[in-house]
Amino acid sequence: MTEQEAGLRARLVSVGVDLVTQEGAQALSLREIARRAGVSHGAPRRYFPTHLELLSAIAREGFAELGAEVAEELRGGEESPRAQLAALARIYVDFALSHRGMYELMFRHDLLESNSLGLRETSLPLFNSLVELVSRVRPDVRAQDVAGALWANLHGIAQLWGWGSLQLATGADGVEPLVRAALDAHLGPEAR
C-alpha cells in the first residue's frame with residue numbers, strides 16, 4: 001500500500017469515527033463516509049472490501065481509545081485490585097456515556113468482523129484486564145464468569161442510564177452509586 005493509499009484509508013476511518021461520534025452508528029453508510037471524505041462512493045471498497053470491515057476499523061479506534069484510558073489509569077498498579085476495578089468500571093461507564101455512538105458500534109459484534117483488522121486484539125485485552133483484576137479480588141471464583149457478569153452489569157448501567165431509564169427508576173443523581181452497587185454485587189462488599 002502506498003503512502004497515499006494509507007492516507008486515504010486512514011482518512012476514511014477518521015471520517016467514520018467523526019460520523020459515529022456526531023450521529024451514531026446508524027449513520028455509518030459507505031456512501032456517507034465517502035462523501036464526507038471527499039472521494040467517490042466506490043473508493044472505500046478499494047480499502048475495505050466490505051462495509052463490515054470498515055465498521056470494524058472504526059470500532060477498533062474506539063477500543064484503542066478506551067484501552068488507552070484504562071491502561072493510563074492502571075499504570076503503576078499501586079492501588080488495590082478492588083480500587084483498580086472501581087477505576088476501570090468508572091472509565092468504562094464514563095466512556096459509554098460520553099461516546100455513545102462509538103460505544104454502540106464497539107459492542108455490536110453482530111455487525112463487526114471481529115477477526116478482521118485487529119479488532120479482537122484491541123477489544124479482548126480490556127476484558128482480560130477485567131478478568132485479571134477479578135481473579136485478584138475473588139480468587140475463589142471462576143474469574144471469567146464473574147468478570148463477564150460484571151461487564152454485562154456495567155454495560156446495562158451505561159445503556160439504561162443513557163436512555164434515561166435508571167434515573168427515572170432509581171431517582172439517582174449519577175451513575176456512581178449504581179457502579180459501586182454492581183461492584184459490591186459481584187465482588188462482595190468493599191472492606192472499609
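User: What share of the contacts in the protein with a separation of 6 or more comes from residues 24 or more positions apart?

Analyst: In this predicted model, residues 24 or more positions apart supply 65% of the contacts that have a separation of 6 or more.

User: How many helices and strands does the protein have, and in what order do the elements run?

Analyst: There are 10 helices and 0 strands. Read from the N terminus, the order is α-α-α-α-α-α-α-α-α-α. The C-alpha atoms fill a box of roughly 60 × 35 × 25 Å along the principal axes.

User: Why is leucine 97 called partly exposed?

Analyst: The relative accessibility of leucine 97 is 26%. Buried requires a value under 20% and exposed a value over 50%; leucine 97 therefore counts as partly exposed. Leucine 97 belongs to helix H5, which spans residues 81-98.

User: Which residues does leucine 97 contact, leaving aside its neighbours within four places in sequence?

Analyst: They are Ala158, Trp161, Gly162 and Val175. As for serine 123, it is 26 residues from leucine 97 in sequence, and their C-alpha atoms are 18 Å apart in space.

User: How is the packing of H5 and helix H8 described, and what is the handedness of the crossing?

Analyst: Two packed helices are described by the angle between their axes and by the distance between those axes. For H5 and H8 (residues 143-163), the angle is about 35 degrees and the axes lie 9 Å apart. The crossing of H5 past H8 is right-handed. On the H5 side, the contact is made by Leu85, Ala89, Tyr92, Val93, Ala96 and Leu97; H8 contributes Leu150, Trp151, Leu154, His155, Ala158, Trp161 and Gly162.

User: What makes glycine 171 count as buried or exposed?

Analyst: Its relative accessibility is 53%. Exposed means over 50%, so glycine 171 counts as exposed. Glycine 171 is placed in the loop between helix H9 (165-170) and helix H10 (176-187).

User: What can be said of the protein's burial, surface and charge?

Analyst: Of the 192 residues, 42% count as buried, the criterion being under 20% relative accessible area. The accessible surface comes to about 10100 Å², and carbon and sulfur atoms account for 51% of that surface. There are 19 positive and 25 negative side chains, the centres of the two sets lying 5 Å apart.

Technical notes
Residues are numbered from 1 along each chain as its sequence is written. This is a predicted model: local features need pLDDT of at least 70, side-chain atom pairs count only at pLDDT 80 or more; totals for chains, interfaces and linings use all residues. Side-chain values use heavy atoms; hydrogens and water are left out. Helices (H or I, at least four residues) and strands (E, at least two) are DSSP runs, numbered from the N terminus. Buried means under 20% relative accessible area, exposed over 50%, partly exposed in between (1.4 Å probe, protein chains only). Contact means heavy atoms within 4.5 Å. Accessible areas come from the Shrake-Rupley method with a 1.4 Å probe; for residues, only the protein chains shown count as cover. Lys and Arg count as positive and Asp and Glu as negative; His and the chain ends are not counted. The place of a charge is taken as NZ of Lys, CZ of Arg, CG of Asp or CD of Glu. Axes are lines fitted to C-alpha atoms, for helices over the stretch in contact, and angles run from 0 to 180 degrees between N-to-C directions. A crossing is left-handed if the near helix is turned anticlockwise from the far one by less than a right angle, and right-handed if clockwise.
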